[in-house]
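Biologist: Could you walk me through this model slowly? I would like to start with its open spaces and then go on to single residues.

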Amino acid sequence: MSVTKDIEALLPHRAPFLFVDEIVSADEKSSVSVHTFTENEFFFKGHFPQYPVVPGVILIETMAQAGGAALSYQKVLPEGSLFFLGTVDKVKFRRQVRPGDTVRIEIENLRVSGRMIKQAGKAYVEDELAAEAEWMCLVGSA
């Protein structure tokens with residue numbers, strides 16, 4: 001069951017830097033999204049080509065995109081709002097994410113206002129925690 005797969009309508013990101021495939025659920029407190037990392041991702045060519053692994057910063061970006069897409073889907077902020085990472089805290093990488101892995105991203109909205117978003121996220125491969133972090137985004141417009 002999917003809430004939406006039309007992520008390009010929700011985020012300004014485009015391939016090869018769009019890391020959300022669909023939003024599975026979303027409400028004012030939390031959301032769940034998914035993304036599958038294929039062997040064709042641009043970073044695998046240089047990030048350990050003999051043993052490709054999703055870079056940690058890409059996992060953080062994936063969580064932040066998922067959180068922003070869910071807020072855009074719910075129309076919590078004005079249409080066309082842009083979210084710029086301001087801080088990233090409490091980051092932990094627990095498991096490698098490899099080509100072919102589908103990541104389930106669980107986001108908790110800690111604080112949302114017209115100028116700032118604070119969220120916490122966890123990225124899972126199956127039921128195994130791969131990464132977690134908290135971040136703050138500044139809200140702007142184009």
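Modeller: Helix H1 (56–73) and strand S3 (81–93) each supply at least two residues of the lining of the largest pocket, where helices (H or I, at least four residues) and strands (E, at least two) are DSSP runs numbered from the N terminus. This is a predicted model, in which local features need pLDDT of at least 70 and side-chain atom pairs count only at pLDDT 80 or more, while totals for chains, interfaces and linings use all residues. Residues are numbered from 1 along each chain as its sequence is written, and side-chain values use heavy atoms, with hydrogens and water left out.

Biologist: What kinds of residues make up the lining of the largest pocket?

Modeller: The lining divides into 10 nonpolar, 3 polar and 2 charged residues; here Ala, Val, Leu, Ile, Met, Phe, Trp, Tyr, Cys and Pro count as nonpolar, Asp, Glu, Lys and Arg as charged, and the others, Gly among them, as polar.

Biologist: Changing topic, which residues touch the most other members of the largest nonpolar core?

Modeller: Of its 33 residues, those are Phe 37, Val 54, Met 63 and Val 97. A nonpolar core is a set of buried (under 20% relative accessible area, with exposed over 50% and partly exposed in between, using a 1.4 Å probe and protein chains only) Ala, Val, Leu, Ile, Met, Phe, Trp, Tyr and Cys residues joined through side-chain atoms within 4.5 Å.

Biologist: And which element gives the most to this core?

Modeller: That is H1, with 8 residues.

Biologist: What does Met 63 contact, leaving aside its neighbours within four places in sequence?

Modeller: Counting heavy atoms within 4.5 Å as contact, Met 63 meets several residues, including Ile 105, Ile 107, Gly 121 and Trp 135.

Biologist: Is Ser 81 buried or exposed?

Modeller: Ser 81, which is found in strand S3, is buried, with a relative accessible area of 15%. A polar atom of its side chain lies 2.7 Å from the backbone oxygen of Pro 78, a polar contact (a pair of N or O atoms within 3.5 Å; within protein, one must be able to donate a hydrogen and the other to accept it, and residues adjacent in sequence count only if both atoms are side-chain atoms).

Biologist: Where is Asp 27 found?

Modeller: Asp 27 sits in the loop between strand S1 (22–26) and strand S2 (30–36), and Asp 27 is partly exposed, at 34% relative accessible area. Its side chain reaches the backbone nitrogen of Lys 29 at 2.8 Å and that of Ser 30 at 2.9 Å.
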